[in-house]
Amino acid sequence: IPLRLVGSEMCIRDSYEEIRIEVEADGTIGWNGEVVAGRPDLERRLATVAAQPEQPEVHLRPSNSVPYKHVAGIMASAQRLGVVKIGIVGSEQLAN
């Protein structure tokens, strides 16, 4: 079966990138497995993500016992800095 693809009209992403932000109960924040040095470091990293023309997805993964204020603070910083692809992963524990 002949298959004709029009190169200029197709856009296929070569790679999939995601950022994983882990939040521990004590407020410790991880970025793809690396401990973040504090709020300024986190915001610098988020600003770098926001500046990319094709932003990667940011997956925010809170631990089971993290106070919601830590999660809300990260979400607020991301929004303020212009990160548009962010979501909470494993958020079932936050429903109660």
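Modeller: Start in helix α1, where aspartate 41 and arginine 44 are three residues apart and so separated by about one helical turn. The two form a salt bridge, with their closest N and O atoms 2.5 Å apart. Keep in mind that this is a predicted model.

Biologist: Is aspartate 41 buried or exposed?

Modeller: Aspartate 41 counts as buried, because its relative accessibility is 14% and the cut-off for buried is under 20%.

Biologist: What does glutamate 43 pair with?

Modeller: Its partner is arginine 80. Their side chains meet in a salt bridge at 2.7 Å, N to O. Glutamate 43 sits in helix α1 and arginine 80 in helix α2, residues 68–81, so this pair ties together parts that are 37 residues apart in sequence.

Biologist: And which residues are joined into one network by shared partners?

Modeller: Glu34, Asp41, Arg44 and Arg45.

Biologist: How many salt bridges does the structure hold?

Modeller: Six. One of them joins the side chains of arginine 20 and glutamate 22, at 3.7 Å from N to O.

Biologist: Are those two buried or exposed?

Modeller: They fall in separate classes. Arginine 20 is partly exposed, with a relative accessible area of 37%. Glutamate 22 counts as buried, at 18%.

Biologist: Why would side chains like that pair at all?

Modeller: Opposite charges can pair when the charged atoms come close.

Biologist: New topic. Where is glutamine 55?

Modeller: Glutamine 55 is in the loop between α1, residues 39–50, and β4, residues 57–62. Its relative accessible area is 9%, so glutamine 55 is buried.

Biologist: What lies 3.3 Å from a polar atom of its side chain?

Modeller: The backbone oxygen of alanine 50. The backbone nitrogen of valine 84 also comes in, 2.9 Å from a polar side-chain atom of glutamine 55.

Biologist: On to the strands. Which residues make the covered face of β4?

Modeller: Val58, Leu60 and Pro62. The uncovered face has Glu57, His59 and Arg61.

Biologist: Why the every-other pattern?

Modeller: In a regular strand, side chains alternate between the two faces of the sheet.

Biologist: How many bridges join β1 to β4?

Modeller: Six, and the two strands run parallel. Isoleucine 21, for example, has leucine 60 in β4 as its bridge partner.

Biologist: And β4 to β5?

Modeller: Three bridges there, again with the strands running parallel. Strand β5 covers residues 86–88. Valine 58 has isoleucine 86 in β5 as its bridge partner. Valine 58 also belongs to the covered face of β4.

Biologist: Which elements make the β-α-β unit, and what is its hand?

Modeller: β4, α2 and β5, and the unit is right-handed. Its helix, α2, is the one that holds arginine 80.

Biologist: Last one. Where does glycine 27 lie?

Modeller: In the loop between β1, residues 18–23, and β2, residues 29–31. Glycine 27 is partly exposed, with a relative accessible area of 23%.

Biologist: How far apart are glycine 27 and histidine 70?

Modeller: In sequence, 43 residues. In space, 6.3 Å from C-alpha to C-alpha.

Definitions and conventions. Residues are numbered from 1 along each chain as its sequence is written. This is a predicted model: local features need pLDDT of at least 70, side-chain atom pairs count only at pLDDT 80 or more; totals for chains, interfaces and linings use all residues. Side-chain values use heavy atoms; hydrogens and water are left out. Helices (H or I, at least four residues) and strands (E, at least two) are DSSP runs, numbered from the N terminus. Buried means under 20% relative accessible area, exposed over 50%, partly exposed in between (1.4 Å probe, protein chains only). A polar contact is a pair of N or O atoms within 3.5 Å; within protein, one must be able to donate a hydrogen and the other to accept it, and residues adjacent in sequence count only if both atoms are side-chain atoms. A salt bridge is a side-chain nitrogen of Lys or Arg within 4 Å of a carboxyl oxygen of Asp or Glu. Two strands pair if DSSP finds at least two bridges between them. A crossover is right-handed if, with the strands pointing away from the viewer, the path from the first strand over the helix to the second runs clockwise.
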